[in-house]
Amino acid sequence: MAASKEPDSLSCSICLDILKIPVTLHCGHSYCMECVNGYWDQEDRCGVYSCPQCRHTYIPRPVLNKNTVLADLAGKMSQEEEEQQQQQQKQQPTPPVKVEVDPVDVECDVCTANLKLKAVKSCLVCLASFCATHLQPHYVSAAFKKHKLVEVSASIQEKICSKHDKLLEVYCRSDGQCICLLCVMDEHKGHDTVSAAAERKEKQKLFGKKKQKYQQGIQEKQKQLRQLRQKMKALQCSGAAALDQNEKAYTEIVQMADKRRCTVRELIRVQETAAVSRAEALVDRLEKDIFELRKREDELKQLSLTEDHIHFLQFNLILILRQDRSSPFIPAA
């Protein structure tokens, strides 16, 4: 994955590169269509799909559509970057003629500064490294016949005894260091010494055992890592299932509460309508009774003002009979 220098809105957080066929999820995060599909392919067995950044879950798997706005912006950004790179290349001066050598390789010590070739062998007598061309004298000239050629090395001095300027060919087990043949006859005289090749063979056996031990440790750790990742995946799936179940339970509770609220509201409205209807009927009856009582009150008032005693007595009798036949409704206090 390449490190991106683009703004976050134009970069995919999965491949860390500029968006290619960008798609935007419902949570607002954008990715390359290929990247997010590959990410969700790993979650198929759980049936729960999540955003790689905010972990927002989706059930079922969403259908992805290209975000044309981001696609246009990303295309323009890529085109501008290519133009800038072309301009920079045009502005750079032409380097001098030179055969490039990889940083891990060793340059020939004889080649000129403007034309350095890769060294193929090192000479422990010349204390220098040579390319294939400059190495030819060691093969064809008798003067170089006794020179010791070894695999190319950037630190030839490390293979030479600093005291006797001789090749290090012996290993002193007593002092645990590499020495030359003259050292064996000098300060390491009487020490437990063997050839460097023999000591390496012994060390190689130990390395084989250590390597096997390391491999066993790596396999065990990899096994533990796989198990841990499986547990993490199971926990994520379990958590997603629990969240889904919680959402379903919440939805059912809300639906039941809404249904109960509607039922109670309808019952209250029915009871209210019936009570208002009864009250309106009672109001109508009371208004009629009040009208009738006021009418009789007026008749009594007119009768009390008459000076005809016979008329007064006769009409008073009529009023009494009328009152007996239909008494006005007088509600209880």
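**View A. Arginine 55 in the loop between strand 3 (49–50) and strand 4.** Phi of arginine 55 is near 65°, a positive value in a residue other than glycine. At 37% relative accessibility, arginine 55 is partly exposed; buried means under 20% relative accessible area, exposed means over 50%, and partly exposed lies in between (1.4 Å probe, protein chains only). Strands (E, at least two residues) and helices (H or I, at least four) are DSSP runs, numbered from the N terminus. Please keep in mind that this is a predicted model, in which local features need pLDDT of at least 70 and side-chain atom pairs count only at pLDDT 80 or more, while totals for chains, interfaces and linings use all residues. Residues are numbered from 1 along each chain as its sequence is written, and side-chain values use heavy atoms, with hydrogens and water left out.

**View B. Isoleucine 21 in the segment before strand 1 (22–24).** Here is another residue other than glycine with a positive phi: for isoleucine 21 the value is near 50°. Its relative accessible area is 48%, so isoleucine 21 counts as partly exposed. For background, most residues other than glycine have a negative phi, and most peptide bonds are trans.

**View C. A cis peptide bond between isoleucine 59 and proline 60.** Omega is about 0° at this bond. Look for proline 60 in the loop between strand 4 (57–58) and helix 2.

**View D. A negative surface patch of Glu80, Glu81, Glu82 and Glu83.** Glutamate 80 belongs to helix 2 (residues 68–91) and is partly exposed, with a relative accessible area of 44%. Patches are made of residues with over 30% relative accessible area and no salt bridge; like charges are joined within 9 Å, and nonpolar side chains (Val, Leu, Ile, Met, Phe, Trp, Tyr) within 5 Å. A salt bridge is a side-chain nitrogen of Lys or Arg within 4 Å of a carboxyl oxygen of Asp or Glu.

**View E. Valine 110 and histidine 134.** These two residues are 24 residues apart in sequence, and their C-alpha atoms are 7.0 Å apart in space. Valine 110 sits in the loop between helix 2 and strand 5 (121–123). With a relative accessible area of 41%, valine 110 is partly exposed.

**View F. Helix 5, residues 196–305.** This helix has 110 residues and reaches 156 Å from its first C-alpha to its last, close to the 164 Å expected at 1.5 Å a residue. The expected span is 1.5 Å times one less than the number of residues. Among the buried residues of helix 5 are Glu199, Lys233, Ala240 and Leu303.

Definitions and conventions: Accessible areas come from the Shrake-Rupley method with a 1.4 Å probe; for residues, only the protein chains shown count as cover. Lys and Arg count as positive and Asp and Glu as negative; His and the chain ends are not counted. The place of a charge is taken as NZ of Lys, CZ of Arg, CG of Asp or CD of Glu.
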